[in-house]
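Visitor: Hi! I have a model open here and would like to talk through it with you. Could we start with the aromatic rings?

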Amino acid sequence: MTSGLAEDAAAQSFAAGNVAVLPVGEAAGPEARAAHDYLGRRVAVIDIGSNSIRLVVFEGSARAPIPIFNEKVMCGLGRGMRASGRLNPEGVVQARANLGRFAGAAAAMKVASLSAFATAAVREAADGPEFIDALRRDPGLEVRVLSGEDEARLSAYGVMAGFPRAEGIVGDLGGGSLELVRVGGEQAHEMATLPLGPLRLNEAMAQGETVGGQVRRALTGIGWLAGAEGKTLYAVGGAWRSLAKVHMAQHDRALRMIDGYRAGAADFADFAKLLARQSERGLERLPAISVRRIEAVRASAIVLRRLIRIARPAQIVFAARGVREGVLYEALDLKARRADPLLAGAAAYGQRFCRFTGLGPALAAWTAGLFPQETPERARLRRAACEIADAGWIDHPDYRNRHAWDRILTAPLMGLDHPGRAFLALTASARYSGGIQEHMEGIARDTGLGEEDIRDARALGQALRLGYTVAAGRPEILAGSRFERTDRGLALQVETHAAHYSGEAAGRRLGDLAATLELEPEPILD
């Protein structure tokens, strides 16, 4: 996969009526350049797992790709392998039929590249090579069979793609195996792959075996797990995502997105213990879980509880990205990997959905002095908010604030936890209305935002509302002014383009911003 935006791709995108793409020069930051990498191109990944097969087609920024097509089939290739040593025959038939469809769908969508890989079941089955040869003949798929180390590394890459500052342990529970990786300093370190997938453990339990001891012995043999104490466990894989869904439902969470959902590790271990002891009927009554995932709940809960007890992390964070996204991340050069995924994704989102491309960096520079005590993480959120500030412009004016809130709260942006999502969504709503509705504040508080956070989101939204009023879509107009904040007052010093800052709307919106910051508005100075 190459990085950079090909001129012909941009021309085709423009001719097709898509977003107009502006050239990016060397002066642009890494996130801006990353936002343009293969914008408009599509890349596909086929994942042949032990329990399911999946096709995902991505589009957008190379650093923060967005899935535009996602189809899964539960084939159970690894079912029965513990006894037979071979792939499930019914699963093979189902997989081959659907993989042919996947290849055809990817071709129909004119993807620029297609990567196919297989994991534990195909890797370990006696007839795995035969299955791969058959796919090479029909439908012509070249499938990379991942080693255990490959699978662990790529899973860690997938987590690091979304959380570049990840520190702790990545655990990816697939149908056939558990991959563990220690991550930190933007690197993947020690790795291990263990035969602890739910398909294997369910077969053992069906034969009357007690699997808790097996899990404990396998995990205690990994000495470096002790390095995770007090850090974060990043949980990856469909079985563990199902546990997170049940946890969110039982705690009545207002925002129920998997990616970035976090909980105290000790509390979640207690929760997993309860799930592991549920009867079949009790499992069927669980909320927010598909029938196809029920059989994996007990085994996946046992593994997660044991892992938490042995590694002793402080918190667990659920990640929606794993090996598939790791395949794309692996193809990036080091410079592209270092781009912030949130800022790259926000820049690409703004290019696609906002009216005035190129205004985001100008707004970020213009608002930089408003929050003197701003932390690096809050500055990062502010920069992202500036890139996506106009995403609601296409909606009816009476509904823009509401739709902007909904759209940004659930946008496919990477590198965000739930409080960060709520902050961006509040800012987007205030950018259109100048205020924030009460139910939005309630959801934001439920994610963990405090009152000062909500106030800052309102203030930033009001500043962006003022910025769009005076800029008229031109970044250079904002460059001719700056905020001057004192202990008691807020003024706007205008050096050039003074006419754009005159008028009732600009004065009123400056007054709204000053009131939110509990400052006195001062006259616009030129």
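Predicted model: local features only at pLDDT ≥ 70, side-chain atom pairs only at ≥ 80, totals over all residues.

Visitor: How are F268 and F271 arranged as an aromatic pair?

Guide: They sit edge-to-face, with 5.2 Å from centre to centre and 65 degrees between the planes. Both belong to helix α11, which covers residues 265-276. They are 3 residues apart there, about one turn of the helix.

Visitor: And is F271 buried or exposed?

Guide: F271 counts as buried because its relative accessibility is 8%. F268 is buried as well, with a relative accessible area of 0%.

Visitor: How many aromatic pairs does the structure hold?

Guide: There are 8 aromatic pairs. One of them joins Y157 and Y329, and that pair is tilted, at 5.4 Å centre to centre with 55 degrees between the planes.

Visitor: Which helices do Y157 and Y329 lie in?

Guide: Y157 is in helix α7 (residues 148-162) and Y329 is in helix α14 (residues 323-330), so the pair ties together parts that are 172 residues apart in sequence. Both tyrosines are buried.

Visitor: Switching to the nonpolar core: which residues touch the most other members of the largest one?

Guide: Those are L424, L426, L478, F483 and L490, in a core of 62 residues. Helix α22 supplies the largest share of this core, with 10 residues. Apart from it there is another core, of 50 residues, including L201, W240, A265 and I308.

Visitor: What does L478 touch, leaving out residues up to four places away in sequence?

Guide: L478 is in contact with L359, A362, L363, W366, G467, V470, A471 and Y501.

Visitor: In which sense does β13 pair with β12, antiparallel or parallel?

Guide: Antiparallel, over 5 bridges, with β12 made up of residues 481-485. The two strands form a hairpin with 3 residues between them. Within that pairing, F483 stands opposite L492.

Visitor: How many bridges join β13 to β14?

Guide: 2 bridges, and those strands run parallel, with β14 at residues 520-521. The bridge partner of L490 in β14 is P521.

Visitor: What about cysteines: how many disulfides does the structure hold?

Guide: It holds 0 disulfides. C354 is in none, and its nearest cysteine sulfur is that of C386, 11 Å away. A disulfide would need the two sulfur atoms within 2.5 Å.

Visitor: Is C386 buried or exposed?

Guide: C386 is buried, with a relative accessible area of 1%. C354 also counts as buried, at 8% relative accessibility.

Visitor: Back to helices. What joins the side chains of E451 and R445?

Guide: A polar contact of 2.6 Å joins them. E451 is found in helix α22, which runs over residues 451-471.

Visitor: One more: where does G507 lie?

Guide: G507 is in helix α24, residues 504-516, and it is partly exposed, with a relative accessible area of 38%.

Note on methods:
Residues numbered from 1 in each chain as written. Heavy atoms only, no water. Buried < 20%, exposed > 50% of the residue type's maximum accessible area, 1.4 Å probe, protein only. Helix = DSSP H or I, 4+ residues; strand = E, 2+ residues; numbered from the N terminus. Polar contact = N/O pair within 3.5 Å; in protein donor to acceptor, adjacent residues only side chain to side chain. Core = buried A, V, L, I, M, F, W, Y, C linked by side-chain atoms within 4.5 Å. Contact = heavy atoms within 4.5 Å. Pairing = 2+ DSSP bridges. Phe/Tyr/Trp six-rings, centres within 6.5 Å; stacked < 30°, edge-to-face > 60°.
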